[in-house]
There are 2 protein chains.
Amino acid sequence: MPSDLRLDHLLRAAARVFARDGYHRTSMRDLALASGMSLAGMYYYVRGKEELLTLIQERCFDQVMDGARVAVAQSRDPAERLQAFIRHHVTFFADHMAEMKVLSHEADSLTGNAAQAMRSKKKAYSTLLADLVGKANTELTAEERRVRAYALFGMMNWIYTWYRPDGALKPAELADQVCTLALHGISLHEDAHDAGRR
Amino acid sequence: MPSDLRLDHLLRAAARVFARDGYHRTSMRDLALASGMSLAGMYYYVRGKEELLTLIQERCFDQVMDGARVAVAQSRDPAERLQAFIRHHVTFFADHMAEMKVLSHEADSLTGNAAQAMRSKKKAYSTLLADLVGKANTELTAEERRVRAYALFGMMNWIYTWYRPDGALKPAELADQVCTLALHGISLHEDAHDAGRR
């Protein structure tokens with residue numbers, strides 16, 4: 001296997017083990033077992049467990065950020081752009097459940113420069129969503145845009161705790177449901193919609 | 001301090017340490033230091049760390065469940081009942097951020113009977129929310145009610161990752177914003193509202 005494919009393989013295996021057992025309970029020996037690589041083979045690619053966690057988080061985040069920018073650029077309609085972001089985020093993570101859990105659950109496990117770099121990436125991604133929210137509803141204040149962006153991330157990221165991609169609910173259907181809730185809420189009646197606005 | 005107050009004190013201190021450092025990285029010795037109790041004093045109340053985690057999660061969940069039932073019973077209007085549930089959940093957890101993080105983040109750390117008991121409690125609580133969602137929008141299928149309930153829990157529980165109760169945004173204002181988003185979504189325009197309706 002070429003060198004970069006072996007690293008990809010190692011990162012995927014490590015993400016699965018971190019997701020299942022937790023980062024702090026996992027040893028390099030566990031990762032060797034799960035990846036089928038030798039300890040020496042793994043240390044050829046990374047200095048240790050924290051570098052693996054860093055690479056999983058950074059690569060996954062770079063991919064989701066690039067994908068979101070492309071998805072959003074397909075439309076100029078604000079509501080459609082917001083839906084495109086949500087649909088991309090949900091379907092991407094439904095395809096990368098282990099990485100999603102690691103990103104969500106092990107956010108505090110990085111330290112130093114790696115933690116700082118991830119915070120910057122996350123901030124850029126949050127700002128992108130908050131801007132889309134603001135374009136979709138121009139009545140919102142900056143604070144309201146920020147809170148709604150975090151609430152939407154909660155709605156989407158929490159999926160790792162309950163969703164099974166191999167179940168009856170397909171990722172695209174899940175994304176549809178999350179979009180409908182995010183754009184229009186639970187309410188059925190227009191009067192309730194108007195009364196509760198803002 | 002009377003015995004039951006000392007246990008309350010120990011549970012609060014343990015929740016703070018578990019929230020800050022993670023359950024698996026915390027020892028009984030760390031908890032003794034944080035609570036100001038001796039190891040022998042702690043073992044008078046609990047058999048060990050897992051029983052502390054169990055008690056924190058069970059007590060917190062029983063409180064939030066009882067509070068939700070009372071809050072919901074104040075109205076007969078479906079949208080108001082749904083809002084009352086959300087408002088109660090958000091404000092309760094804004095007042096119990098450490099316990100909230102422990103409930104969300106250490107859900108998988110319980111084992112055996114304690115894990116089973118918590119799963120039952122969570123199922124009853126999820127079912128309550130899914131029923132309220134179904135009453136607020138009678139067009140939803142059972143599956144859609146279930147997915148929306150999980151999405152709402154995500155929106156609310158994710159708060160532990162970003163919200164600071166001592167900041168400018170007060171818990172009651174946060175609850176208002178989450179209610180508005182949950183009931184009516186981001187959309188501004190009625191036409192968008194109608195186009196995306198399921």
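**Exercise 1. Around B:Met37**

Which residues does B:Met37 touch, not counting residues up to four places away in sequence? Find them in this predicted model, then work out how B:Met37 and B:Leu10 sit in chain B.

*Solution.* 

Step 1. Start with the position: B:Met37 lies in the loop that joins helix H2 (28-35) to helix H3 (39-45) of chain B.

Step 2. Leave out the residues up to four places away in sequence, and the partners of B:Met37 are B:Leu10, B:Ala32 and B:Met42.

Step 3. Now judge the surroundings. B:Met37 has 18 C-beta neighbours inside 10 Å and therefore counts as partly exposed. The cut-off for buried is 20 or more.

Step 4. B:Arg6 is 31 residues from B:Met37 in sequence, yet their C-alpha atoms are 9.2 Å apart.

Step 5. Move on to B:Leu10, which belongs to helix H1 of chain B. B:Leu10 has 24 C-beta neighbours inside 10 Å, so it counts as buried.

Step 6. Under the same exclusion of residues up to four places away, B:Leu10 touches B:Ser35, B:Met37, B:Met42 and B:Tyr45. From B:Leu10 to B:Ala32, 22 residues along the chain, the C-alpha distance is 8.7 Å.

**Exercise 2. The make-up of chain A**

How many helices and strands does chain A have, and what share of its residues is buried?

*Solution.* 

Step 1. Count the elements: chain A has ten helices and zero strands. Along the sequence this reads α-α-α-α-α-α-α-α-α-α.

Step 2. For the dimensions, take the principal axes; the C-alpha atoms of chain A fill a box of roughly 65 × 40 × 30 Å.

Step 3. Of the 198 residues in chain A, 41% are buried.

Step 4. Consider the contacts in chain A with a separation of 6 or more: 65% of them join residues 24 or more positions apart.

**Exercise 3. A helix pair and its neighbourhood**

At what angle do helix H4 and helix H6 of chain A pack, and which residues make the contact?

*Solution.* 

Step 1. Helix H4 (residues 49-72) and helix H6 (residues 97-105) of chain A pack at about 110 degrees, and their axes are 10 Å apart.

Step 2. Because of that angle, H4(A) is roughly perpendicular to H6(A).

Step 3. H4(A) brings A:Ile56, A:Gln57, A:Cys60 and A:Phe61 to the contact, while H6(A) brings A:Glu99, A:Val102 and A:Leu103.

Step 4. Sort these residues by type: five are nonpolar, one is polar and one is charged.

Step 5. Helix H4 of chain A also holds A:Gln63. A:Gln63 has 13 C-beta neighbours inside 10 Å and so counts as partly exposed. Its C-alpha atom is 10 Å from that of A:His89, which is 26 residues away along the chain.

Step 6. Turn to helix H6 of chain B, residues 97-105, whose buried residues are B:Glu99, B:Met100, B:Lys101, B:Val102, B:Leu103 and B:Ser104. Their cover includes helix H1 (3-21), helix H4 (49-72), helix H5 (78-94) and helix H8 (142-157) of chain B.

**Exercise 4. Where the two chains meet**

How many residues of chain A are in contact with chain B, and by what turn can chain A be laid on chain B?

*Solution.* 

Step 1. The contact joins 41 residues of chain A to 41 residues of chain B.

Step 2. Five helices of chain A each supply at least two residues of this side: H5 (78-95), H7 (112-136), H8 (142-157), H9 (171-184) and H10 (190-195). H8(A) gives the largest share, ten residues.

Step 3. By type, the side of chain A that touches chain B has 21 nonpolar, 13 polar and seven charged residues.

Step 4. Finish in the largest nonpolar core, with 108 residues, where A:Val178 and B:Val178 touch the most other members. Apart from neighbours within four places in sequence, B:Val178 is in contact with A:Ala151 of the other chain and with B:Ile86, B:Val90, B:Met155 and B:Met156.

Key:
Residues numbered from 1 in each chain as written. Chains lettered and ligands numbered in written order. Predicted model: local features only at pLDDT ≥ 70, side-chain atom pairs only at ≥ 80, totals over all residues. Contact = placed C-beta atoms within 7 Å. Helix = DSSP H or I, 4+ residues; strand = E, 2+ residues; numbered from the N terminus. Nonpolar A, V, L, I, M, F, W, Y, C, P; charged D, E, K, R; others polar. Buried ≥ 20, exposed ≤ 12 C-beta atoms within 10 Å, placed from the backbone. Core = buried A, V, L, I, M, F, W, Y, C linked by C-beta atoms within 7 Å. Axes fitted to C-alpha atoms, helices over the stretch in contact; angles between N-to-C directions. Parallel < 35°, antiparallel > 145°, perpendicular 65-115°, else oblique.
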